[in-house]
Each structure stands twice: as C-alpha cells, then as structure tokens.
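Try each task before you read its solution.

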Amino acid sequence: MRGGSTDMGNVSHLVPTIHPSIGYDCGDTIMHNPEFTRYGTSAGADGAVLDGGLAMAWTAITLAADDRHRARLLARLAERRAA
C-alpha cells in the first residue's frame with residue numbers, strides 16, 4: 001500500500017493551493033527509503049524535477065501576466081502583511 005501525507009491542508013487555509021504529483025519509475029520500491037535513492041539519479045527522475053520546475057514557472061508567469069489575478073494576489077499579500 002502506498003500513501004503519504006503533507007502539510008498542504010494547513011497551507012490551504014491561508015493561500016489557494018493545488019497539490020499536483022509528478023512521478024517517475026522507481027521500480028517496486030516505495031518513496032523515502034534507502035532502495036528508493038538509487039532511482040533518484042535516473043533520467044526519469046531528472047525529467048520529473050524539470051517538469052515540476054517548468055510547471056511552477058509557467059504558473060507564476062501566468063498569474064503575474066494576468067492583471068486581474070496579479071491584483072488579487074498583491075491585495076491578499078498586503079492584507080497578510082497588515083495583519
């Protein structure tokens with residue numbers, strides 16, 4: 001059985017969140033154990049890191065380039081700083 005947990009639920013109470021997952025072939029092992037580390041140096045693992053970084057960058061660019069979203073996010077930031 002595979003599973004996991006994060007603090008994303010706590011974060012989502014403060015800011016809008018999504019929690020995508022990007023994976024790569026790690027054989028029959030599970031994440032975060034010694035056997036898993038040997039798969040972390042594969043081309044698939046490198047690709048997953050690059051895919052995740054690119055997705056985050058495009059998300060930030062999209063939000064920054066959209067006047068409505070940018071204004072909304074800057075207003076929320078100002079509210080948090082004032083609090």
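**Exercise 1.** In which helix is methionine 56 found? Then decide whether methionine 56 is buried or exposed.

*Solution.* This is a predicted model, where local features need pLDDT of at least 70, side-chain atom pairs count only at pLDDT 80 or more, and totals for chains, interfaces and linings use all residues. Residues are numbered from 1 along each chain as its sequence is written, and side-chain values use heavy atoms, with hydrogens and water left out.

Step 1: methionine 56 is found in helix H3. Helices are DSSP runs of H or I with at least four residues, numbered from the N terminus.

Step 2: apply the cut-offs. Buried means under 20% relative accessible area, exposed over 50%, and partly exposed in between (1.4 Å probe, protein chains only). Methionine 56 has a relative accessible area of 62%, so methionine 56 is exposed.

**Exercise 2.** What span should helix H3 have, and what is the distance between its end C-alpha atoms?

*Solution.* Step 1: H3 covers residues 43–65, which is 23 residues. Step 2: the expected span is 1.5 Å times one less than the number of residues.

**Exercise 3.** Which residues of H3 are buried? Is glycine 47 buried or partly exposed?

*Solution.* Step 1: Ala45, Ala48 and Gly52 are buried in H3. Step 2: glycine 47 also lies in helix H3. Its relative accessible area is 25%, so glycine 47 is partly exposed. Step 3: look across the chain. Glycine 47 and glycine 23 are 24 residues apart along the chain, and their C-alpha atoms are separated by 9.4 Å.

**Exercise 4.** Which residues form a nonpolar patch on the surface?

*Solution.* Step 1: patch residues have over 30% relative accessible area and no salt bridge; nonpolar side chains (Val, Leu, Ile, Met, Phe, Trp, Tyr) are joined within 5 Å, like charges within 9 Å. A salt bridge is a side-chain nitrogen of Lys or Arg within 4 Å of a carboxyl oxygen of Asp or Glu. Step 2: the patch is Leu54, Trp58 and Ile61, with about 330 Å² of accessible area together (Shrake-Rupley method, 1.4 Å probe). Step 3: tryptophan 58 is found in helix H3. Tryptophan 58 counts as exposed, because its relative accessibility is 52%.

Key. Helices (H or I, at least four residues) and strands (E, at least two) are DSSP runs, numbered from the N terminus.
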